[in-house]
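Thanks for asking me to look this one over. Here are my notes, in numbered points, with the structure first so that you can follow along.

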Amino acid sequence: MTSSPETQEPLSALDRPNSYIGKVVPRPNLDRLMQGRGLYVSDLELPRMAHVVFVRSPHAHANIVAVDAGAAKEMPGVIAVVTGEELASVITPWVGVLSHLKGLKSAPQRAIAIGRVCWQGEAVAAVVATSRAAAEDAAEIVSVGYEELEAVTDMRTALDPETPVIHASLGNNLAFERTLDAGEVDAAFAGSEEIAEAEFIFGRHTGVTLEPRAVVADWNAAETRLTIYQGTQAPHMVQNIAALHLGLEESQVRVVCKDVGGSFGIKVHIYADEMATYALSKLLRRPVKFVADRIESFNTDIHARDHRCRGRIGVTRDGTITAFEIDDLTGIGPYSMYPRTSAIEANQVVNLVGGPYRTKNYRARARVVFQNKNVMCQYRAVGHPIACSVTEGLVDLAASKIGMDPLEIRRRNLIADDAYPCASASGLRFELLSHHTALNKLMAMMDYDALRTEQAALREKNIHRGIGIASFIEVTNPSAAFYGVGGAKISSQDGVAVRLDAQGSVVCQTSITEQGQGSESLTAQIVGSVLGVSMSRVRVILGDTDQTPYGGGTWASRGAGIGGEAALQAAKILRKNILDVAAAILQSSPTELDIADNAVVNADDGAPRIELRELARIVYFRPDTLPPGIQPELMATRHFVPREYPFAFTNGVQASWLEVDTDSGFVKLFKHWVVEDCGTLINPQLVDEQIRGGVVQGLGAALFEKCVYDERGQLTNANMADYLVPMSGEMPDIDVGHVVSPTAESELGAKGAGEAGTAGAAAAVANAVNDALRPFGAVITEIPLTPQLILTSLKRI
């Protein structure tokens with residue numbers, strides 16, 4: 001039976017007997033990728049294609065006195081050496097601001113610097129040659145004269161009167177400031193029986209994607225059209241911005257995104273060297289390829305997380321949290337990144353601190369300052385790890401002050417599961433979360449009481465293990481309130497078009513992109529479930545602005561929740577159309593029919609009536625046999641965007657079990673647990689692996705990753721030997737559990753999960769390290785937790 005006897009309405013895609021939703025199924029692209037047949041930008045070769053290498057500044061701040069490219073232009077294979085002034089005739093500058101972030105300012109940024117460089121690695125010239133090797137050889141002999149200027153490197157002194165102003169036209173080095181004051185903060189602290197405070201310090205780090213940023217731009221002068229092949233998370237955004245700054249119509253720009261070797265937010269921005277590549281293709285009237293090498297990636301891929309946040313928490317002796325207060329300072333480099341801006345991370349910190357907890361007393365200030373370092377912007381779980389680490393670190397400090405178990409203080413203060421809908425002190429609106437259910441599940445998964453018993457016994461043997469807990473909320477499915485309201489041409493909707501082809505298979509075109517997280521699979525699962533078609537007969541096309549509906553792409557954990565709902569709604573319309581024409585052919589009623597196993601069947605007993613292949617043959621090749629007035633439409637397009645809530649919030653809780661060697665300062669991770677509520681699970685395995693991948697990135701931030709700059713603004717560890725990333729040998733087993741609270745904004749009910757693992761991992765590890773060090777009275781509120789930092793806190797060095 002495929003209908004409910006109470007309503008006689010067709011069952012939804014979530015509970016149809018042949019549904020793929022909620023099941024683990026192989027990825028449609030798995031065989032191709034495992035055979036090494038992925039197509040990445042580096043694989044692309046076009047006729048007459050040239051290669052560009054950028055001459056980059058060795059200084060963090062300097063005037064460009066002269067660029068001598070005479071000798072380089074005479075090198076074999078060199079096509080052109082182009083400076084910022086020459087490229088300015090083709091491409092206009094940009095300013096990374098959003099109007100709803102009041103007071104946010106930035107200076108105009110150019111594809112290639114003109115007159116002055118503002119960070120080590122900023123491009124000062126482009127060498128275009130017939131091969132990458134020839135371009136690199138020529139770039140080595142381009143002579144650039146610099147007048148070095150004082151670099152602003154310390155965020156703590158960036159606003160001091162004696163500190164140079166990086167952009168004189170802006171008046172000072174303050175890019176953005178936001179304050180928030182909710183409830184009765186002063187009265188709440190005055191009435192607190194204990195107050196805990198600390199300064200939390202976060203190391204600047206970057207994404208280290210397996211595939212570096214890469215682009216091929218191909219200007220076709222005959223068609224006056226630019227085709228951009230790029231590993232990007234947002235093809236339509238790139239199309240809009242390239243057209244805007246090259247003086248083209250959007251219809252003159254096509255963006256193609258094939259396979260992408262990891263993004264993590266790194267590839268959702270507009271970079272100067274990529275814009276320069278577009279412009280060079282138009283200027284030189286030929287295809288131009290740019291692929292960043294690993295050192296370029298470290299120096300020019302956006303960085304993130306460089307924050308110093310003072311926080312304090314008030315608490316009564318019965319464990320009631322009375323108030324939170326924070327003062328966050330972050331440095332973002334010399335420009336606000338375009339078009340999403342570099343103020344979003346600090347703004348998110350203000351929004352998210354204290355979010356899981358009941359207290360309404362909250363005061364916050366965030367200041368974002370310019371510096372002569374690489375630009376900072378959104379990276380996986382934007383602002384969440386900062387807010388979670390500050391919040392959960394303060395909660396642990398409060399528990400220690402009153403001698404309460406860290407898990408118990410959370411139980412007494414987390415928003416109740418039956419309190420929704422409600423809002424946080426910062427004004428975030430929550431539709432439905434599950435903090436207490438998640439916490440109870442976590443306790444059972446980790447056997448919390450037994451771990452505490454084991455910990456106590458090991459301490460008697462001078463073995464110091466710690467348990468860290470971190471509750472979190474996560475922003476997913478962002479609406480137009482995120483970027484569109486501020487004037488950014490970044491779509492908050494996604495679109496999907498589905499059609500039945502002439503052999504009864506389904507072609508699905510979606511605006512979300514595949515970055516390795518399983519977009520192809522989730523789309524095929526949804527469409528196949530609604531239409532009763534085998535996944536093997538669903539072909540998903542994505543990443544091409546000429547072929548897919550307009551949409552936002554893949555970022556902010558929105559692919560399943562927004563793109564997935566668009567796929568469901570488009571497939572529902574196509575299903576209705578198929579049943580309408582089937583009823584005409586079979587002289588039946590659409591309500592008496594269903595689709596299952598690639599055929600139209602009787603709704604009551606499932607008996608096959610006509611295969612989709614045969615139905616398609618009739619519609620496409622013998623429409624003359626259809627009854628008069630029947631005009632079948634075997635294609636449907638639908639878009640979806642959240643409207644009721646600005647975001648679909650998810651929640652979860654993480655725990656870490658680790659050991660600190662108090663002689664060496666090394667941390668050994670034994671086990672990590674995550675309980676997460678992302679609404680409807682489409683493919684549980686993909687969700688779990690997304691969470692595990694996110695946890696690993698969070699563990700990297702907690703223990704290893706940091707971009708180290710000296711006082712002159714030189715990045716001193718821009719290589720994989722000196723910049724440490726987590727390897728499999730250091731990683732713990734990661735157990736993942738789920739609570740399911742579907743969002744009512746969509747029929748699918750999916751929220752997002754792509755950033756959940758990253759949101760709480762560092763906080764859980766930091767709390768676990770401090771728990772392990774509790775017998776020594778040491779408290780560390782800085783990450784990464786390096787052996788040097790731990791030994792210093794123990795006064796061993």
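1. Helices (H or I, at least four residues) and strands (E, at least two) are DSSP runs, numbered from the N terminus. This is a predicted model, in which local features need pLDDT of at least 70 and side-chain atom pairs count only at pLDDT 80 or more, while totals for chains, interfaces and linings use all residues. Residues are numbered from 1 along each chain as its sequence is written, and side-chain values use heavy atoms, with hydrogens and water left out.

2. How many of the 12 residues of α6 are buried? The count is 11 of the 12, so α6 is largely enclosed by the rest of the structure. Buried means under 20% relative accessible area, exposed over 50%, and partly exposed in between (1.4 Å probe, protein chains only).

3. At 1.5 Å a residue, its 12 residues should span 16 Å, and its end C-alpha atoms are 16 Å apart, which agrees; the expected span is 1.5 Å times one less than the number of residues. Just after α6, Gly 247 takes a positive phi of about 70°.

4. Now to the sheet. Seven strands form an open sheet with mixed pairing, in the order β3-β5-β1-β13-β10-β11-β12; two strands pair if DSSP finds at least two bridges between them. The edges are held by β3 (78–83) and β12, each with a single partner strand, so one side of each is left without a neighbour in the sheet. From one strand to the next, the twist averages 20°. Axes are lines fitted to C-alpha atoms, for helices over the stretch in contact, and angles run from 0 to 180 degrees between N-to-C directions.

5. Within this sheet, β1 (residues 50–56) and β5 (residues 123–129) pair in the antiparallel sense over six bridges, and His 51 stands opposite Ala 129 in β5. Helix α4 (residues 132–140) packs on the sheet, where it touches β1, β3, β5 and β13 (288–291), and its direction makes about 25° with that of β1. Helix α6 packs on the sheet too, touching β11 and β12, with its direction at about 145° to that of β12.

6. Strand β17 deserves a look as well. Seven of the eight residues of β17 (residues 362–369) are buried, so it is largely enclosed by the rest of the structure. Eight bridges join β7 (residues 174–182) to β17 in an antiparallel run, and eight bridges join β16 to β17 in a parallel one. Ala 364 in β17 is the bridge partner of Leu 180, and Ile 326 stands opposite Ala 364.

7. How do α9 and α10 meet? The axes of α9 (residues 344–352) and α10 (residues 384–402) come within 8 Å and cross at roughly 35°. In the contact, Gln 348, Val 349 and Leu 352 of α9 meet His 384, Ile 386, Ala 387 and Thr 391 of α10.

8. Arg 305, in the loop between β14 (303–304) and β15 (307–315), has a phi of about 80° and is buried, with a relative accessible area of 2%. Thr 341, in the loop between β16 (321–331) and α9, has a phi of about 75° and is buried, with a relative accessible area of 0%.

9. There are cis peptide bonds to inspect too. One joins Tyr 420 and Pro 421, with omega about 0°, and Pro 421 is found in the loop between α11 (406–413) and β18 (422–423). Another joins Ile 783 and Pro 784, with omega about 5°; Pro 784 is found in the loop between β31 (782–783) and α19 (787–793).10. Last, His 61 lies in the loop between β1 and β2 (62–68) and is buried, with a relative accessible area of 6%. His 61 and Glu 122 are 61 residues apart in sequence and 9.7 Å apart in space, C-alpha to C-alpha. Leaving aside its neighbours within four places in sequence, His 61 is in contact with residues including Arg 116, Cys 118, Glu 148, Ile 166 and Asn 372.

Conventions:
Contact = heavy atoms within 4.5 Å.
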